[in-house]
Amino acid sequence: MTDPDTTLAPAGAAHRRAVVIGGGLAGMLAAAALRGVVDEVLVVESDELPDGPLPRKGLPQARHAHMFWSGGVHAAESLLPGVTDRWLAAGANRIPVPTGMVALSSQGWFRRWHDAPHPATHFVIGCSRDLLDSVVRDLVLTGGGVRVLAHTRVEGLTGSASRVTGVRVRRADGHEEALRADFVVDASGRGSRAPRHLAELGVRPAPERSLDLGLVYATRVFRAPEGADGSPVVSVQSDPRSGRPGQSASILPIEDGRWIVTETGTRAGEPTDRAEDFEEFARRLRHPVVGAIISRLEPLTDVAVSRSTRNTRRYYERVRDWPERFVVLGDALAAFNPLYGHGMSVAAQAAAVLRDQARAHGVDAPRLARRVQRALARPVGAAWDLAVGQDVFYPEVQGGSPSRRDRILAAYVDRLVRTSCGDLRMVKDLTDVTSLQAPLTALVRPRVLLGAVRGTRRPPLGGPPLTARERALVHHTDALT
């Protein structure tokens, strides 16, 4: 997936070049954001990008379930028109929310509202991460203006504390060189070395917060039952304030007639990599529905385990005298517990912010990078508060205890979730925020506050809201009631 011609035209007034560090989803969307603003976008990638929907080295979390929320999908569509149709044509599923979800929240089962007018308020794209990334890569790299420099590692930034002028790279053969650039974006993911690179230029360090639950992910892919097209996501979530380790599991329909099943557990409650433990773990959750469903399915893979799940946020927007022409986004800026499915959506929204600012002002506009970095704090902050506001309550979490603000926010969110389990309008308001289509402040609008005070309009469900057809597909058992 690398352009075989790696001859690099000199950057400068006659040929404007942006360098993007990292060829993952965030990097490709950043490249799409800058295409057309500069003459060339050069994506510097330490590995070889696969040709097609295949695993990518350096992305172990790709083996687990990924849901791309509608707030992120809309941003990706604005960057790459037609990308949603391309995902669906390749086999991805557009799953409506709440009608396409069988979900046990910390406060009870969400209703699906099949009989309500216009019940689908939001959606997720369900497919493998390999397929999702490959469609984006194809659209970005076949659209012109973007090239990949593979097997190349960024060793540092060039320039000064006031302005970044390019990157220093090392090729696979050990050759080192400096690549000049008119703009640089770090989208290199959780392993970003931006803090070190900035320190080498004399930039003062950014405040940073990290929250580690010791979360372990275990995933297995199963063959879906015959006739399972249109099946819902099935999810059993934990209760962060129960005092017990957080354990959960989900079933996500993906392409090629497969279901991907991911289990998670915090410290003292981790799933194992043993196939014989997989079903039993799911049966021991707050409800055994996931274990009951997969008990009759054919496994297609072994159990894949990942532990790269720490919440980390770097507050680059707070750095005074931020250098010109350098922006950090994606997991390099904020890496979230993958349980909430917000990382990809935040990366897409960040790329859209970069596109809008770069087009409006040009990459050489004074203080553009600082303006972008501050604007990115909004989508990042919403996802961060949603994740950390829950995770900080799990036992044995490392990185801090709940603050008074955390406790107030958590109690209010619990009330909203409990009310949403029996109120369509409230579930829409809540999903506006969890899908990242509205800011967190939307949850304190007068109508939402009044709804939370009023409480749920219907009694709680006693079990998973599976339809008769769905029960028949998975061979209904008593465990599904």
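Me: In which sense do β5 and β15 pair?

Reply: This is a predicted model. β5 and β15 are joined over four bridges. In one of them, A103 has S235 of β15 as its bridge partner. The sense of the β5 and β15 pairing is parallel.

Me: Is S250 buried or exposed?

Reply: S250 lies in strand β16. Beyond its neighbours within four places in sequence, S250 is in contact with A65, V234, S235, I260, V261 and T262. Buried means under 20% relative accessible area. S250 has 19% relative accessibility, so S250 counts as buried.

Me: How far apart in space are S250 and A282, C-alpha to C-alpha?

Reply: A282 is one of the buried residues of helix α6. In sequence, S250 and A282 are 32 residues apart. In space, the C-alpha to C-alpha distance is 9.0 Å.

Me: Within what arc do the buried residues of α6 fall?

Reply: Helix α6 covers residues 275-283, and F278, F281 and A282 are buried in it. Seen down the axis, these buried residues line one face of the helix, because they fall within an arc of 90 degrees.

Me: How many of the residues of β7 are buried?

Reply: Both faces of β7 are covered. H122, V124 and G126 are buried on one side, F123 and I125 on the other. β7 is largely enclosed by the rest of the structure, because the buried count is five of the five.

Me: What is the bridge partner of F68 in β7?

Reply: β7 has β4 as a pairing strand, antiparallel, with five bridges. There, P96 stands opposite F123. Strand β3 (residues 67-69) also pairs with β7 in the antiparallel sense, over three bridges. For F68, the partner in β7 is I125.

Me: What is phi of W113 near?

Reply: Most residues other than glycine have a negative phi. W113 lies in the loop between β6 (108-109) and β7 (122-126). W113 counts as buried, at 9% relative accessibility. Its phi is positive, near 60 degrees.

Me: Is H151 buried or partly exposed?

Reply: H151 is found in the loop between β8 (146-149) and β9 (152-159). H151 has a positive phi, near 50 degrees. Its relative accessible area is 40%, so H151 is partly exposed.

Me: What is the relative accessible area of V392?

Reply: V392 is in the loop between α9 (368-391) and α10 (404-420). Leaving aside neighbours within four places in sequence, its contacts include R209, L211, V397 and D406. V392 is eleven residues from S403 in sequence, and 9.0 Å from it in space, C-alpha to C-alpha. V392 is buried, with a relative accessible area of 2%.

Me: How many residues of the lining of the largest cavity are nonpolar?

Reply: The structure holds three cavities of 30 Å³ or more. The largest cavity has about 90 Å³ of space. Among the residues that line it are V234, I251, W259, I293 and L466. One residue of the lining is polar, one is charged, and the nonpolar count is eight.

Terms used. Residues numbered from 1 in each chain as written. Predicted model: local features only at pLDDT ≥ 70, side-chain atom pairs only at ≥ 80, totals over all residues. Heavy atoms only, no water. Buried < 20%, exposed > 50% of the residue type's maximum accessible area, 1.4 Å probe, protein only. Helix = DSSP H or I, 4+ residues; strand = E, 2+ residues; numbered from the N terminus. Arc of directions from axis to C-beta. Contact = heavy atoms within 4.5 Å. 1 Å grid on protein atoms, 1.4 Å probe; cavity = no way out; pocket = protein on both sides within 12 Å on 5 of 7 lines; lining within 4 Å. Points joined across faces, edges and corners; volume = space filled by probe spheres on them. Nonpolar A, V, L, I, M, F, W, Y, C, P; charged D, E, K, R; others polar. Pairing = 2+ DSSP bridges.
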